[in-house]
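Colleague: Could you pick one part of this model and walk me through it slowly? I'd like the cut-offs spelled out as you go.

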Amino acid sequence: QGPEMEEKDYSETDGLSDKTTPSKTQKSPQKTSKKVKSALCRVTLLDASEYECEVEKHARGQVLFDMVCEHLNLLEKDYFGLTFCDSDSQKNWLDPSKEIKKQIRSKCPGRFHPPQPWGVPRGSQGTWLYYLCLQLRADIITGRLPCSFVTHALLGSYAVQAELGDYDAEEHVGNYVSELRFAPNQTRELEERIMELHKTYRGMTPGEAEIHFLENAKKLSMYGVDLHHAKDSEGIDIMLGVCANGLLIYRDRLRINRFAWPKILKISYKRSNFYIKIRPGEYEQFESTIGFKLPNHRSAKRLWKVCIEHHTFFRLVSPEPPPKGFLVMGSKFRYSGRTQA
């Protein structure tokens with residue numbers, strides 16, 4: 001799911017107080033009111049509906065995430081997550097191992113985009129496919145996932161089949177898809193092409209339409225790429241993209257370099273700088289380190305965490321155990337969820 005989140009603490013007395021120390025007037029046994037140590041969470045789901053629930057005031061992110069998944073009957077939790085925007089309007093993943101209230105300072109699609117979306121047990125595929133399609137449709141409509149006219153039409157037609165079912169001449173009259181959104185700058189020409197294709201899908205079930213949608217969406221060059229603004233060593237604006245296969249470098253929307261995970265020996269950050277250590281090539285003797293400048297320390301750490309999560313999820317059979325002991329150098333963060341394997 002891709003959500004916005006708001007948190008609100010409240011008590012039985014005034015709905016606003018966040019104090020744990022009773023006031024002088026509350027010390028009387030007759031006037032003591034019981035404090036409700038809980039928080040109200042509001043999650044915006046991918047279909048634009050809102051889900052509200054109460055969690056214990058110091059609950060960790062996993063508690064809220066599990067409640068949302070149960071509400072949606074979503075079994076394939078590992079491919080999804082909750083996001084929120086920080087004070088810099090940057091998207092952050094809600095860390096399941098940390099308290100919610102310590103992460104969210106203000107408010108904001110699925111978490112990991114699998115390289116082969118249909119690789120889940122057939123019996124539980126319906127809900128999983130539905131929400132992944134919703135996420136990708138949102139990314140396409142906002143322009144985060146660029147498409148050609150032909151691809152917009154093809155994906156749009158499968159979305160219509162999944163949503164409206166078979167074409168019915170009596171029910172689907174005129175421009176019957178005009179209320180649906182398919183592209184950032186939607187034209188009548190695109191809608192007409194979508195309707196032409198939709199008419200040819202008679203007999204295709206919604207589930208089959210969603211699989212066809214994903215079959216084509218996964219071919220898009222920006223599919224599953226988590227983008228981060230940065231500057232290279234010469235101060236030129238670039239984008240760093242993290243994906244299932246490694247780290248991608250973009251300049252003016254064109255990919256200019258690619259570092260596969262096996263090629264990267266180490267990733268690190270210091271202040272607002274992000275570094276990758278590269279394995280020596282066939283004709284090189286030593287490994288090399290490449291540095292990038294991120295907008296601030298927080299964004300450098302965010303990129304570093306996303307890299308660790310993607311590398312662990314897509315490359316390792318199981319996550320590494322957390323480091324033991326008190327004398328641990330650097331951050332103790334490890335991705336602790338299940339891996340794709």
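Modeller: Let's start with helix 4, which is among what covers the buried residues of helix 5. Helices here are DSSP runs of H or I with at least four residues, strands are E runs of at least two, and both are numbered from the N terminus. Buried means under 20% relative accessible area, exposed means over 50%, and partly exposed is in between, with a 1.4 Å probe and protein chains only.

Bear in mind that this is a predicted model, in which local features need pLDDT of at least 70 and side-chain atom pairs count only at pLDDT 80 or more, while totals for chains, interfaces and linings use all residues. Residues are numbered from 1 along each chain as its sequence is written, and side-chain values use heavy atoms, with hydrogens and water left out.

Helix 5 itself spans residues 188–198, and its buried residues are Leu190, Glu191, Ile194, Met195, Leu197 and His198. They sit on the same side of helix 5 because they cover an arc of only 160 degrees around the axis, taken from the directions from the helix axis to the C-beta atoms. As background, an α-helix has 3.6 residues a turn, so residues three or four places apart point the same way.

How far can you trust this bit? pLDDT is the predictor's confidence in each residue, from 0 to 100, and helix 5 has the highest mean among the elements of the chain, 97, whereas strand 1 (residues 5–10) has the lowest, 43. The chain averages 81, with 75% of the residues at 70 or above.

Back to helix 4, residues 149–164, which along with helix 3 (125–141) supplies at least two residues of the largest cavity's lining. Helix 4 gives the most, 4 residues. A cavity is a set of points on a 1 Å grid over the protein atoms alone where a 1.4 Å probe fits but cannot get out, and lining residues have an atom within 4 Å of a point. The lining includes His152, Leu155, Gly156 and Ala159, as well as Arg137 and Phe213.

Asn216 belongs to helix 6 (residues 206–217), and it counts as buried because its relative accessibility is 18%.

Key: On a 1 Å grid over the protein atoms alone, a cavity is a set of points where a 1.4 Å probe fits but cannot get out, and a pocket is an open set with protein on both sides within 12 Å along at least five of seven lines; lining residues have an atom within 4 Å of a point. Contact means heavy atoms within 4.5 Å.
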